[in-house]
Amino acid sequence: MSVSGGGPAGPSDWAVERFGRHAAALVAAVPRCLATAHAKARAAHLAAGLKKRSPYGAALAEAVREGLADAARELGEPVRDVRGYEYAVINGHVLFPYKYADEPRPLAGARLPADASPTRRRLLRAHGPQGREQLFEVDADLATGEYLALHEAFEELGASTRLVCVFFTADAERGIHLIHWGEARLEPDRTFTWLHEEQLPVAPVPPE
């Protein structure tokens with residue numbers, strides 16, 4: 001997949017601040033990555049022939065990560081293996097893709113599932129924007145092993161690498177509905193507070 005170009009108006013100041021000279025390329029590449037990932041996941045869904053427990057969601061998640069990793073490589077940027085999953089790191093910012101709904105719902109309704117993996121929670125806690133509890137020393141009764149582990153930066157990424165969320169909605173029949181990216185803080189109730197958010201256009205599904 002070729003990684004080049006940007007939107008008609010060009011990347012925002014926020015995107016340029018985060019991704020530097022690659023900002024315009026990413027504005028165009030992220031929607032294409034998601035469209036291509038949907039096509040792959042839909043093919044897996046149809047091949048499985050299942051009405052329940054469709055492989056679409058799992059296939060989509062992996063295909064999106066792989067697509068963003070490939071985009072990073074084309075840009076000459078690193079890809080890091082975090083607990084067996086590849087994550088694109090562009091100009092010191094790791095891209096965190098997440099499908100938050102099967103329908104085109106508002107971003108304000110996004111919530112991390114209760115059974116979300118420790119890797120996802122740690123990425124959000126350790127590399128995302130800090131909450132108030134991280135700005136001050138934690139009381140001894142709160143400094144449990146689990147708490148400390150979730151706030152410890154991944155060695156594979158480095159403590160200075162910051163998180164950029166790529167949140168989207170999609171389903172096997174209609175494809176990608178909405179794409180948002182920006183900086184979001186995971187709250188204790190598993191909702192998100194967005195410090196910055198932008199909506200990206202949806203790219204057409206590539207022909208088979």
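Which residues do ring pairs link into a cluster? Tyr98, Tyr100, Phe167, Phe192 and Trp194. The legends below cover these rings and their surroundings.

This is a predicted model, in which local features need pLDDT of at least 70, side-chain atom pairs count only at pLDDT 80 or more, and totals for chains, interfaces and linings use all residues. Residues are numbered from 1 along each chain as its sequence is written, and side-chain values use heavy atoms, leaving out hydrogens and water.

**View 1. An open sheet of 6 strands.** The strand order is β1-β2-β3-β4-β5-β6, with mixed pairing. Strands are DSSP E runs of at least two residues, helices are H or I runs of at least four, and both are numbered from the N terminus. Two strands pair if DSSP finds at least two bridges between them. β1 (79-82) and β6 (192-200) are the edge strands; each has a single partner, so one side of each lacks a neighbour in the sheet. From one strand to the next, the twist averages 40°. β5 (residues 175-186) pairs with β6 in the antiparallel sense over 8 bridges. Arg185 has Thr193 of β6 as its bridge partner.

**View 2. Helix α2 on the sheet.** α2 (residues 23-48) touches β2 (85-90), β4 (162-171), β5 and β6. Contact means heavy atoms within 4.5 Å. The direction of α2 makes about 125° with that of β5. Axes are lines fitted to C-alpha atoms, for helices over the stretch in contact; angles run from 0 to 180 degrees between N-to-C directions.

**View 3. Helix α4 across the strands.** α4 (residues 118-127) lies across β1, β2, β3 (93-101), β4, β5 and β6. It runs at about 135° to β4. Buried means under 20% relative accessible area, exposed over 50%, and partly exposed in between (1.4 Å probe, protein chains only). Among the buried residues are Leu123, Leu124 and Arg122. The charged end of Arg122 sits over the ring of Phe154, 3.9 Å from its centre. For this label, NZ of Lys or CZ of Arg must be within 6 Å of the ring centre and within 35 degrees of the ring normal.

**View 4. Phe167 and two ring partners.** The whole structure holds 7 aromatic pairs. Rings of Phe, Tyr and Trp (its six-membered ring) pair if their centres lie within 6.5 Å; planes under 30 degrees apart are stacked, over 60 edge-to-face, the rest tilted. Tyr100 and Phe167 form a tilted pair, 6.2 Å centre to centre with 35° between the planes. Tyr100 is in β3 and Phe167 in β4, 67 residues apart. Phe167 counts as buried at 0% relative accessibility. The centres of Phe167 and Trp194 are 5.1 Å apart and their planes at 85°, so this pair is edge-to-face.
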